[in-house]
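Dear colleague,

I am passing on a structure that you have not worked with before, and my notes follow below it. Please look it over first and then read on.

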Amino acid sequence: MAQRAEERAGEIMEVLVEESLGRGRYSGRAGHQAPEVDGTTEVRARGPLAVGDMVRARVTGADGADLLAEALVRGAQGVEPT
């Protein structure tokens with residue numbers, strides 16, 4: 001499972017925010033992550049997010065089965081980090 005998480009680096013996915021971890025970090029799940037079975041996704045965002053938000057994020061790495069990602073915004077030049 002950890003190897004599959006690492007292979008997702010660079011992918012852009014939708015993440016459902018489930019919890020604020022403080023300091024611009026949020027915990028959530030991408031569509032392929034089932035509760036209590038799969039890992040979670042930790043999203044870093046420059047702006048505030050709320051529990052229940054769906055956010056586009058680019059996977060930047062993995063911590064075991066969990067994904068690390070950066071929230072994205074759609075700007076005039078395409079998708080950019082927030």
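**What was found**

A word of caution first: this is a predicted model.

Starting with Ser-27, and leaving aside its neighbours within four places in sequence, this residue is in contact with Leu-16, Val-17, Glu-18, Glu-19, Leu-21, Thr-40 and Thr-41. Ser-27 has its place in strand 2, and because its relative accessible area is 13%, which falls under the 20% limit, it counts as buried.

Turning to Gly-24, you will find this residue in the loop between strand 1, which covers 12–22, and strand 2, which covers 25–30. If residues up to four places away in sequence are not counted, Gly-24 touches Val-43, Arg-44 and Ala-45.

The chain has 82 residues, of which 29% count as buried, and Ser-27 is one of the buried residues. Where contacts join residues at least 6 apart in sequence, 45% of them link residues at least 24 apart. Finally, the protein chain exposes about 5000 Å², and carbon and sulfur atoms supply 47% of that area.

How values were computed. Residues are numbered from 1 along each chain as its sequence is written. This is a predicted model: local features need pLDDT of at least 70, side-chain atom pairs count only at pLDDT 80 or more; totals for chains, interfaces and linings use all residues. Side-chain values use heavy atoms; hydrogens and water are left out. Helices (H or I, at least four residues) and strands (E, at least two) are DSSP runs, numbered from the N terminus. Contact means heavy atoms within 4.5 Å. Buried means under 20% relative accessible area, exposed over 50%, partly exposed in between (1.4 Å probe, protein chains only). Accessible areas come from the Shrake-Rupley method with a 1.4 Å probe; for residues, only the protein chains shown count as cover.
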